[in-house]
Amino acid sequence: MQLFIVAVGHKMPAWIETGFAEYAKRMPPELRIVLKEVKPVERSGSKTAATAMALERERIEAVLPKGVRIVALDERGKDLTSVGLSQALEAWQQDGRDVAFLIGGADGLDPELKARADGLIRISSMTLPHGIVRVMLAEQLYRAWSITQNHPYHRV
């Protein structure tokens, strides 16, 4: 099973790339985290937020593997604890489908994409830079896996 993080944005600072890579490399071979970056739509005077999100939706859909479970990150999504995410991860592993976590661009994710997602979760009630969200999500996925393995990384 693979965990895809599909993120609108590119050219992240080195510290973001280093942080993401650290947690991605900790994952076991049977549960790899794969980052798929999607170039954001350049905003000009003629493009509304809705137009930009719709164009980014098309770019996101183009990189999604067939049959993947879609989990969209959204401020109104379900607030999971680390243990709750570990329980979801176990259920997804039983299901056998790959999972794609979607991180939107500056304007967020297109409503149509969120509507067809298999689930919505939130990383924080606060607004965070998208690069930091990548790192936090990778860390939480590693933590969730470590909980399922009774690994000492997560302390109760």
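Biologist: In this predicted model, which residues lie nearest the centre of the largest pocket?

Modeller: The lining of the largest pocket comprises 22 residues, and the space within that pocket comes to about 470 Å³. Of these lining residues, the ones that lie nearest the centre are Leu73, Asp74, Glu75, Gly108 and His130.

Biologist: Which element gives the most to the lining of the largest pocket?

Modeller: Two elements, β3 (69–79) and α5 (130–148), each supply at least two residues of that lining, which by class holds nine nonpolar, seven polar and six charged residues. With four residues, the element that gives the most is β3.

Biologist: Is the pair of Tyr23 and Tyr142 stacked, tilted or edge-to-face?

Modeller: The structure holds four aromatic pairs. In the one formed by Tyr23 and Tyr142, the ring centres are 6.4 Å apart and the planes stand at 40°. Because planes under 30 degrees apart count as stacked and those over 60 as edge-to-face, this pair is tilted.

Biologist: Where does the chain place Tyr23 and Tyr142, and how many residues apart are they?

Modeller: Tyr23 belongs to helix α1 (residues 14–26) and Tyr142 to helix α5, so that the pair links distant parts of the chain. Their separation is 119 residues.

Biologist: Is Tyr153, which pairs with Tyr142, buried or partly exposed?

Modeller: The pair of Tyr142 and Tyr153 is edge-to-face, at 4.8 Å centre to centre with 70° between the planes. Tyr142, at 6% relative accessibility, counts as buried, whereas Tyr153 has a relative accessible area of 21%. Since buried means under 20%, Tyr153 is partly exposed.

Terms used:
Residues numbered from 1 in each chain as written. Predicted model: local features only at pLDDT ≥ 70, side-chain atom pairs only at ≥ 80, totals over all residues. Heavy atoms only, no water. 1 Å grid on protein atoms, 1.4 Å probe; cavity = no way out; pocket = protein on both sides within 12 Å on 5 of 7 lines; lining within 4 Å. Points joined across faces, edges and corners; volume = space filled by probe spheres on them. Nonpolar A, V, L, I, M, F, W, Y, C, P; charged D, E, K, R; others polar. Phe/Tyr/Trp six-rings, centres within 6.5 Å; stacked < 30°, edge-to-face > 60°. Buried < 20%, exposed > 50% of the residue type's maximum accessible area, 1.4 Å probe, protein only.
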